Amino acid sequence: MTTGVPVAFGVGPRVLAFRLGAGGILAALLAFSEEISALPPAGVAAVTFSLLGCLVALCVRARTQGVLSCSAVYLVLLVLFHFGLALPLALHRPLVSSDGQLGFDWILSVSTGRIFTIAAIGVAAAAVGMSLPASSAGRVYRDRSTGTDMPADIPAPPTRSAATGVVGFAILAASISLMLLLIRRAGGSGLLFGSYEDLITLAYRDPLVPYLDFGLGFGLMLLTVDGGRRIRRTGYLMFGLFALIALPLGMRGTILFPVAAAAVAHMMRRSGDVPSFPPAKAAGRGLEIRLPASFSRDSVVAGKRGGRRGSSRWTGIGAALLAGVALLSAVGALRDIRQHGLAEVTLSQIGFGPLDGLAEMGASLRPVAEAVTWRDGYGEPAAGGRTYTGQLARIIEGRLLGIPQPPAEIDDRLFNTVIRERSGPIGGSPIAEAYYNFGLPGVVAILFVIGLLCGWLDGWRSRWTDAACSVLLVPLLIGVRNDFTPLPMQVLVGTVVLVAVRAAGHWWRSASPGRWNRAPQVGSGSLNDSARPARLAPQGSPGSQRMRGAQGTSAGLRSLASR
């Protein structure tokens, strides 16, 4: 059984800086919202983009997982999809489409300052929520040593983690197959080489699409957390081939959000590890063992590799910046390809500017602009949470009570329907939906809750919680540029899958109790019963010194637990 441990041992200076910075920026935005909104478009774009850049930097430094923590990934995507237009606007760059026409005239048709200010308040509220759960003082590692007392001739019990990896691969394969089948059924093989407009018109109206998007991210994240090496490589190859088809079609979010979730899962697999002794009560004697704040693998070898860590950090930052520029350039090129269609686009019509890609991603700010226009421009009353409860009401009234329900395409209790009927298929936004329902207080409250969930996901580490993280993280990432409607059902489906996998693992163990009935001792290192054999380091090497130190610590804890 894998034991989860909280990775937060206290509030360090970086976490405190994150809390103070996020709270101060949110307070400043709320206090001076009228003044910021009155600035010219270039000025308000520069101010808000700079403030949110500071929030991202504070969040990355406050998390030991860095930019690949749940909080940082969500915050970066939220900023990119809502403020990608801010930087080109601040630099006075013309916001034109690939055919030379003004492609973002909607941003200048209403109060630009009001739109950016409301969106910035939402991002700052999410950052405040993320900052409240404390981060770890050092990495906590899932044990990968052997140290087991079980004889070699007794087979290891089947693990839940191995089964979870297989289930993740199956979900990923099924989601890819169904997505391709849906596209082919909607428009034939020619749609695979068509434009994004054709894809939205013919295929993306299917109600199964949001759940296939979730299946892609959910399966890829489970596969990354718990899959074996061969099955992971096979799954990555399969997803990469699917991406070669999906990206030219304009299915940017369909690929980007699963990749972001898998990157978080990869960091979890590397650094979210559980120590080889239980952190709770030892040997059933009611003795609680707590690790000191300084106990971590990083702190043991910090003096020997401090300089190396600093250089590797800057190398990683440089690599991330280069990857970001390449990604934004690719997004700009994909915008032109999906606008004309893969079969008709020419090389002269494709642009590779990173600012164009940034502006393309920032076009997801349009739902916020539309919601501000409806509420402030037309004086439309607040929806009062109607779009958050609409899907649940449809299920209860239609499926359980038998009350006839209007088709989803015309039901104004669903935010995606409201957006599509009034403005077309422009996607969604958690900030826009919160403002449409509750105004500015709703933006602060709902984004704060989302940030709190992301911060909580960064706070616990075990194989079970790493897998369970995908149930919440994947829908939250997808919801960055979509509406709330499918999120409850996505969470429910993911929870059912994980509970079923865990129940099957328990049943398998109880069905064969005689094969593995020897319980591992405290500190034996067998919490991860699927771990590979550890390699012995040569005598005198730094690895052997660290191993002897870990063995001494484990022996001391066993002695303490036996008293």
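A: What follows describes confidence first, then the nonpolar cores, the aromatic rings, and the cysteines.

This is a predicted model, in which local features need a pLDDT of at least 70, side-chain atom pairs count only at pLDDT 80 or more, and totals for chains, interfaces and linings use all residues. Residues are numbered from 1 along each chain as its sequence is written, and side-chain values use heavy atoms, with hydrogens and water left out.

The pLDDT is the predictor's confidence in each residue, on a scale from 0 to 100. Its mean over the chain is 75, and 62% of the residues reach 70 or more. Residues 1-9 have a pLDDT below 50, and beyond near neighbours in sequence this stretch has 40 contacts in the model. Residues 516-544 are also below 50, with 70 contacts beyond near neighbours in sequence. A contact means heavy atoms within 4.5 Å.

Now the interior. A residue is buried if its relative accessible area is under 20%, exposed if over 50%, and partly exposed in between (1.4 Å probe, protein chains only). A nonpolar core is a set of buried Ala, Val, Leu, Ile, Met, Phe, Trp, Tyr and Cys residues joined through side-chain atoms within 4.5 Å. The largest such core has 92 residues, and those with the most contacts inside it are Y74, F83, F116, M221 and L477. Helix α7, residues 112-131, gives the most to this core, with 13 residues. Helices here are DSSP runs (H or I, at least four residues), numbered from the N terminus. A second, separate core has 18 residues, including L212, M251, I255 and A262.

Apart from neighbours within four places in sequence, F83 is in contact with T48, F49, L52, F116, A119, A120 and V123. One of these, F116, is also a ring partner: the two ring centres are 5.7 Å apart and the planes are at 35°, so the pair is tilted. Rings of Phe, Tyr and Trp (its six-membered ring) pair if their centres lie within 6.5 Å; planes under 30 degrees apart count as stacked, over 60 as edge-to-face, and the rest as tilted. F83 lies in helix α4 (residues 70-83) and F116 in helix α7, so the pair ties together parts that are 33 residues apart in sequence. Both F83 and F116 are buried.

The whole structure has eight aromatic pairs. Another tilted one joins F415 and Y436, at 5.5 Å centre to centre and 50° between the planes. F415 is in helix α18 (residues 415-423) and Y436 in helix α19 (residues 430-457), 21 residues apart. F415 counts as buried at 0% relative accessibility, and Y436 does at 1%. With W374, these two form one aromatic cluster. The ring of W374 also has the charged end of R422 over it, 4.5 Å from its centre. A charge sits over a ring if NZ of Lys or CZ of Arg is within 6 Å of the ring centre and within 35 degrees of the ring normal.

Finally, the cysteines. A disulfide is a pair of cysteine sulfur atoms within 2.5 Å, and the whole structure has zero of them. The sulfur of C70 has its closest cysteine sulfur in C469, 3.7 Å away, which is too far for a bond. C70 is buried at 1% relative accessibility, and C469 is buried at 2%.

Conventions. Helix = DSSP H or I, 4+ residues; strand = E, 2+ residues; numbered from the N terminus.
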